[in-house]
Amino acid sequence: MPTRLPDPSPRRLRTQQQLLSAIRRHAGITRRDLSRLTGLSRSATAEAVQDLLAQCLIAERRSDSAAGVGRPSALLFLNAPEALVGAIDFGHNHVAVAVADSGSRVLADRRQAVDVDQEATHALDQAAALLADCLDERGLTASDLANVTAGIPCPLDASTGVVRSPTILASWVDLDPAHELAARTGRLVFVDNDANMGARGEQRFGAACGCRDFIYVKAAHGIGAGLVLNGETYRGALGIAGEIGHTQLPDATSLCRCGNRGCLETVVSITEVRRQLALIRPQAHARTAEPSLAELSRDPAAARVVGAAGRTLGRVLADICNVLNPEAIIVGGELSLAGEPLLAGIRESLDRYAQPAAAQKVRIDVAALGLRAELIGAVTTALAHVV
Ligand SMILES: [Zn+2]
């Protein structure tokens, strides 16, 4: 499991940043010189150096004193391993960013609400700014990153990496996200669909550990699937495989952002489920704009709404089970926070509509990494690109 470091206090963090910058500029510096250079007390310097050593951000080496007499001094160096990577997760309504080391340990991360669908340029700018913040927090610069890897919430042309679907992420059409991010970060950038990233995160550290044939469903503002077949991500001929959110439902008529009517995501997106929950439980929504789905789902009436969404999603997944016969379906994205009532609804439809043997075989779980599955998947993907 990738670990998150405990959050230090702002003052302690500032001290650590100050020392990291000084050690970067003066590689091989002693604690005493570090204290002199930064104006920090000897004890504050020693304490922060201990913190940085514990986080493996710096290393110390013993050196004989210049005159060859006296105690050897400990020289401090920035421990910038070759495999630091940057990871970005674009959702439809947020950008999350992390810097991680070769052990997939997240050193710094940020998440911010951004209208990614409508404001491509702003979202790309924000991602680069958040990444710069993360690097700054750890006294690093972009040149310390082996690469940056980003998940994008739409189909990408498998051969060119360009956004081709004018119906799903309209403001991104004809953009080359890897090129755009490389221009903003100065690093080599890899991109993939966000659900593929989520699948990779769950396969490496989450509920799909050890699975070779499974479906990761990202159920949030859109509904997308990452298909892992025989241990590999399956993209299809053009990179569009897994766009299950635009599967037509026979009885649905609502207009979808893709221009069609009756798409799956018009019925079970988090936006639609929250709209329905606000109708039946206005009190909870009056207290806070977005009450916890997990808490709401304990209410029997709310659980019915969530269960119905699960059954609708399960109806589509049942057909996919018949085609691909996966061993697991892992549900991630914001809707997965509803938990058991959602899974129960999906299970009900699978049992009803999938071939019995396929339905019996498939395990259904929520993403163990929760809303961080895509970001951790991007870290995993970035590290896979490090030779
Ligand atoms: Zn649609």
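Predicted model: local features only at pLDDT ≥ 70, side-chain atom pairs only at ≥ 80, totals over all residues.
Four protein donors hold the zinc ion in this structure, namely His 246 through ND1 and Cys 256, Cys 258 and Cys 263 through their SG atoms, at distances of 2.1 to 2.3 Å from the ion.

**Zinc site**

- The geometry at the zinc ion is tetrahedral, the angles among its four donor atoms running from 104 to 122 degrees.
- Along the chain, the donors of the zinc ion are arranged with the spacing H-x9-C-x1-C-x4-C.
- His 246 and Cys 263, a pair that links distant parts of the chain, are 17 residues apart, and each is placed in the loop between strand E10 (232-234) and helix H7 (264-268).
- His 246 is buried, and Cys 263 is buried as well.

**Largest pocket**

- At least two residues of the lining come from each of four elements, which are strand E5 (106-113), helix H6 (194-205), strand E9 (223-229) and helix H8 (270-280).
- By residue class, the lining of the largest pocket comprises eleven charged, eleven polar and nine nonpolar residues.

**Residues with a positive phi**

- Most residues other than glycine have a negative phi.
- Ser 104, which is not a glycine, has a positive phi of about 65 degrees, and this residue is found in the loop between strand E4 (94-100) and E5.
- The relative accessible area of Ser 104 is 5%, and because a residue under 20% counts as buried, Ser 104 is classed as buried.
- Asn 230, also a residue other than glycine, has a positive phi near 50 degrees, and its place in the chain is the loop between E9 and E10.
- With a relative accessible area of 53%, Asn 230 is classed as exposed, because the cut-off for that class is over 50%.
- Thus Ser 104 is buried, whereas Asn 230 is exposed.

How values were computed. Residues numbered from 1 in each chain as written. Heavy atoms only, no water. Donors = N, O, S within 2.8 Å, 3.2 Å for Na, K, Ca; no water. Tetrahedral: all angles 85-135°; square planar, octahedral: opposite > 155°, others 65-115°. Buried < 20%, exposed > 50% of the residue type's maximum accessible area, 1.4 Å probe, protein only. Nonpolar A, V, L, I, M, F, W, Y, C, P; charged D, E, K, R; others polar.
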